[in-house]
Amino acid sequence: MAPSAQTSLRSGALVVLFLVAHACACATPSRANEISKSDLWTRVETLFPPRDQDDSLVAATSGGEDVEEFQEELALPSGLRGQMEDSLRELRDKEAPEGMYGLSLSDVEIATALSFKHLVSPSTFEAGKEARDALMRWQAWIAKSHPSSRCREGAWGVLSFVDEVWPEALEDSDLKPSFYLKLAKNLTKLKQCGDEVKVKKGSFSFEFCKEYTCGLWETFHAMSVSASADMPGSSMMAALRGFIDKFFSCSVCRSHFLEVLADERTRAVRSTKDFALWLWEAHNVVNMRLGEEEEERGTGVPGRPKHAFPHPKKCDRCYLSEDPLKVSKGGVHSFLKSRYGLGGAESTAGGVTKSEL
Ligand SMILES: Cc1cc2nc3c(=O)[nH]c(=O)nc-3n(C[C@H](O)[C@H](O)[C@H](O)COP(=O)(O)OP(=O)(O)OC[C@H]3O[C@@H](n4cnc5c(N)ncnc54)[C@H](O)[C@@H]3O)c2cc1C
């Protein structure tokens, strides 16, 4: 490149840097709503193009059941199939622990709000283009698919704020650490799920979950079966990958799960339904590994055994046969939709909508 072109590029970058530093210093979260949602929507659409004729959209909204689907076997990797077979054998004469089968929208909201609190913590806020992309994808997934309207609304606020003060065109080299610090501080003023969902230390309590990661799993599952999510499963996968890689506060979980995400099976995920089934499978991979660890170390939590999920007594159509294990694709998908399909449910301050299977 000619030196004069380089100089003008550099001075252009300096101007942009000045404008952005200025915008970040001045922009407060309250300005976020001034950005037109439709403008923002158009930009989010470039991250998440609407899905094509996607079989799962029809399946998720029609309410009809495809009998052939219930007979179709879901192919599992042989290692996981063997582990689940062993686990199901052990479950045969046991009842399903009830607490594990209740679902609370409030738990999902708290976990989602906590995920944001961790993400924007100035001490750990992730700098750089990749983090911006991960943040936008995660928030766009929430904006489009979260079962709680206040979390969806909060995600729109975050998207518009970030879009305004941290433009995509900026290169990493344009931005200084002080920019990110100020940005993180301003982001802490936003509430991912509104004012009612309080996540200050000691001031929140889960209803069914015992910990953050449980609520996070439930958030992922609920967003994977959302009938209103007009986005392909491959985009949900990209949003999940970015969240785990950049923002998951449990570092042990992150490094283990990045291995699961590196498996080539993730590449076969196209539709929302593919994603929901892959997520169920991936959660079982984690359950099986933790089950073994807990047995070896005697660290299991009473009432929350790590077993093949779901317990056959909670879903008689999930398994075509248990030994040898044959999983019904339609059975598991239908179970996930009824367990996690919280669309339309709303939680109220101090009260929750919950379903107990
Ligand atoms: C991505 C991720 C990776 C993790 N990796 C680790 C790790 O490496 N090491 C570690 O110690 N902890 C890890 N955890 C935490 C761990 O998975 C549990 O969240 C934690 O042990 C609490 O378990 P729980 O009994 O509350 O049930 P959870 O496993 O948290 O599950 C929450 C609820 O989801 C339902 N559920 C269970 N299995 C499935 C399934 N297959 N499909 C759909 N729903 C299901 C059940 O109703 C259950 O109550 C990870 C968490 C996440 C989100």
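The structure is a predicted model. Helix α11 (residues 233–247) packs against helix α12 (residues 251–262) with the axes 9 Å apart, and its axis comes within 7 Å of that of α13 and within 8 Å of that of helix α7 (residues 129–145).

**Helices α11 and α12**

- The angle between α11 and α12 is about 150°.
- Because angles over 145 degrees count as roughly antiparallel, α11 and α12 are roughly antiparallel to each other.
- The crossing in which α11 passes α12 is left-handed.
- On the α11 side the contact is made by R241, I244 and D245, and on the α12 side by R254, F257, L258 and L261.
- Sorted by class, the contact of α11 with α12 comprises 4 nonpolar and 3 charged residues, with no polar ones.

**Helices α7 and α11**

- The axes of α7 and α11 cross at roughly 125°, and the two helices are therefore oblique to each other.
- As with its passage of α12, α11 takes part here in a left-handed crossing, in which α7 passes α11.
- From α7, the residues in contact are A131, D133, A134, R137, W138, A140 and W141; from α11, they are M236, A238, A239, G242, F243, D245, K246 and F247.
- This contact of α7 with α11 has 10 nonpolar, 1 polar and 4 charged residues.
- D245 of α11 belongs both to the contact with α12 and to the contact with α7.

**Helices α11 and α13**

- The axes of α11 and α13 cross at roughly 45°, so the pair is oblique.
- G233, M236 and M237 of α11 meet T272, K273, D274 and F275 of α13.
- By class, the contact of α11 with α13 divides into 3 nonpolar, 2 polar and 2 charged residues.
- M236 of α11 takes part in the contact with α13 and also in the contact with α7.

**Cis peptide bonds**

- The peptide bond from F309 to P310 is cis, with omega near 0°, and P310 lies in the loop between α13 and β3 (319–322).
- P324 is located in the loop between β3 and β4 (325–328).

Methods: Residues are numbered from 1 along each chain as its sequence is written. This is a predicted model: local features need pLDDT of at least 70, side-chain atom pairs count only at pLDDT 80 or more; totals for chains, interfaces and linings use all residues. Axes are lines fitted to C-alpha atoms, for helices over the stretch in contact, and angles run from 0 to 180 degrees between N-to-C directions. Helices (H or I, at least four residues) and strands (E, at least two) are DSSP runs, numbered from the N terminus. Angles under 35 degrees count as roughly parallel, over 145 as roughly antiparallel, 65 to 115 as roughly perpendicular and the rest as oblique. A crossing is left-handed if the near helix is turned anticlockwise from the far one by less than a right angle, and right-handed if clockwise. Two residues are in contact if their C-beta atoms, placed from the backbone, lie within 7 Å. Ala, Val, Leu, Ile, Met, Phe, Trp, Tyr, Cys and Pro count as nonpolar, Asp, Glu, Lys and Arg as charged, and the others, Gly among them, as polar.
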